[in-house]
Amino acid sequence: MAKRALVTGACGFTGTHMVEHLKQAGWDVTGTDLEKGAHGVYYCEAGDLHPEYYSDFLRNLGVEFVPADLTKPETLPPLFAGRTYDAIFHVASLYDYFATWDVLQQVNVEGARNLATEALKAGVGRFVHWSTDGVYGEIKNPPGTEDDPYDPPNLYSKSKVEQEKVLWDLHQREKLPLTVVRPAPIYGPRHRYGVYHILYALQKMGTGVLVTWYPKKHTLMFPSVHVRDLVGAALFLAEKEEAVGQAYNVLSDTITQPDLMAFLYEALGLPYVRLPVWWPAYKYFAEIGLNIVKGLDAKARRQGLRPKIDVPMVEYITHQYWFSNQKLKNAGFQLAYPDPRKGLWEYIAWCRERGWLE
Amino acid sequence: MNVWVWDIPVLFLLGVVLARLYAKWLVVKHPDFFSHAGAIVVAVFWLNVLAGAFGARPWCGAVHAVRHISGWLGLFLALSYPLWFQFAAERTFALLGRRPTQGGFLWPFTVKDRTKPFQPPWKT
């Protein structure tokens, strides 16, 4: 008999991939998400850069869809009525750097608590939870491992830390069969917020600057993961008994930011200049840039608009985010995209076909 | 050789103006415009310098502030004209974008987006 899974956030970018992957692996899948009209309640949908809602995709896959709002516990029992899940993949999250703390707390923290409470009542087999590598913040002794302490650098990451704490507490006290995946920034078909933001901004600027840092020990890294590797890892871990009670970083082998940027400029067909910079001078000017972006963020909020670049995204160009995927590899998982350039090349072609990039 | 002292600033200004004109309105339908315009502008300036080399007053005497530059120095100055034009155009492209869909380095520092949206390549 086929196993059954519940996927939350099933109409989102990662959720659709999780559903697709489970179907291909022969699972029966129930997808849940907000009703389409309710999406805008939590997301700022101004401009091109916000997560998309893919209800048609689910329908075309023939997946059962049961709408629910995780922040409203009374909407959750229908998800479990008459169904026993071998695994819940809790993908749903408000991933929006523009969101305020109240909304993040309500959706990410309380939403996870409500879902996990219902899952415990229903006796779910496994609970695979989506967190983020952002819970670590800047890594002091790179590459960071799953044992590094929490140090969230922004509101979104802070909400993911609080979310994890709620679930780890339920794991300790109520034996929630929890596995936490901590993905690096995700990209892949249907993705429209995060890594896409970088590609979009580079193409909108039209000319690149490839910064290299001196002394070279300050070279920054860029962690990322292809969505197919992420959902593959999630299913792989859901089927491994020893993964219960464990957290795993899920990311490709990390490459340096200059290597990544050189690749992106070439792939996007943009002319660029190399700019070697003394690290202290770079930090100084990056701090000025960060303050300018903060000012633009405040101005955009006053006008009811979204800034071109969200503030936390600028921190990626000033902080060291370098994580290890060794624990996942040691568990036996093989990445389809160990070098992010291969996956990004495919993703850029996918975006071009749809006019998301030129 | 007699040259007008404002030759290079004017070339620079023309580089800026033509680059902006090209990127904003002409690049899609007339992709060769910038190359042709640049060649014509530089050719006109060189013809003027050539006339100056034979003792004529620059720009048919319509301008003042004329200086005499001798020998090789004058030749190198004239050879640098396309570089000044190109330098100005490149800075303009980088700062303001190369196509109507681009906003250049200034794009992230504005709140309202005045660039055109991207389209699939077969629609452009």
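Helices and strands are taken here as DSSP runs, a helix having at least four residues and a strand at least two. On that basis, chain B holds four helices and two strands. The model is a predicted one. From the N terminus, the elements of chain B follow the order β-α-α-β-α-α. Chain A comes to 13 helices and 13 strands.

The overall dimensions of the chains were computed next. Chain A has 358 residues, and a compact globule of that length would have a radius of gyration near 21 Å. The value for chain A is 20 Å, so the chain agrees with the globule rule. Its C-alpha atoms fill a box of roughly 60 × 45 × 35 Å along the principal axes. Chain B gives another picture. A compact globule of 124 residues would have a radius of gyration near 14 Å, but chain B has 18 Å. The C-alpha trace of chain B spans about 55 × 30 × 25 Å along its principal axes.

In chain A, 60% of the 358 residues count as buried. In chain B, buried residues make up 39% of the 124 residues. Contacts with a sequence separation of 6 or more were also examined. Residues 24 or more positions apart supply 82% of these contacts in chain A. The corresponding share in chain B is 67%.

Surface and charge were considered together. Chain A exposes about 14,500 Å², and carbon and sulfur atoms supply 54% of that area. The accessible surface of chain B is about 7,600 Å², with 71% belonging to carbon and sulfur atoms. Chain A carries 38 positive and 41 negative side chains. The centres of these two sets lie 3 Å apart. Chain B has 12 positive and 4 negative charges, whose mean positions are 8 Å apart.

Cysteines were checked for pairing. A disulfide is a covalent bond between the sulfur atoms of two cysteines. The structure holds zero disulfides over all chains.

A:Thr14 lies in helix 1, which covers residues 13–24. A:Thr14 counts as buried because its relative accessibility is 9%, below the 20% limit. Leaving aside residues up to four places away in sequence, A:Thr14 touches A:Val91, A:Trp130, A:Ile186, A:Val227, A:Leu230 and A:Val231.

A:Val244 sits in a loop of chain A, between helix 8 (227–238) and strand 11 (246–250). Its relative accessible area is 25%, so A:Val244 is partly exposed. With residues up to four places away in sequence again left out, A:Val244 touches A:Arg126, A:His171, A:Pro177, A:Leu178 and A:Thr179. A:Val244 and A:Leu176 are 68 residues apart in sequence, yet their C-alpha atoms are 8.9 Å apart in space.

The peptide bond from A:Pro142 to A:Pro143 is cis, with omega near -5°. A:Pro143 belongs to the loop between strand 5 (127–130) and helix 6 (155–174) of chain A. The bond from A:Tyr214 to A:Pro215 is also cis. Its omega is near 0°. A:Pro215 is placed in the loop between strand 8 (208–214) and strand 9 (221–222) of chain A.

Positive phi values were found in residues other than glycine. A:Arg190 has phi near 80°. This arginine, A:Arg190, lies in the loop between strand 7 (186–187) and helix 7 (195–205) of chain A. A:Arg190 counts as buried because its relative accessibility is 10%. In chain B, the phi of B:Trp59 is near 50°. B:Trp59 is found in the loop between helix 2 (33–53) and strand 2 (66–68) of chain B. With a relative accessible area of 22%, B:Trp59 is partly exposed.

How values were computed
Residues numbered from 1 in each chain as written. Chains lettered and ligands numbered in written order. Predicted model: local features only at pLDDT ≥ 70, side-chain atom pairs only at ≥ 80, totals over all residues. Heavy atoms only, no water. Rg over C-alpha atoms; globule rule 2.2 N^0.38 Å. Buried < 20%, exposed > 50% of the residue type's maximum accessible area, 1.4 Å probe, protein only. Contact = heavy atoms within 4.5 Å. Areas by Shrake-Rupley, 256 points an atom, 1.4 Å probe, with all protein chains shown as cover. Lys, Arg positive; Asp, Glu negative; His and termini not counted. Charge placed at Lys NZ, Arg CZ, Asp CG, Glu CD. Disulfide = S-S within 2.5 Å.
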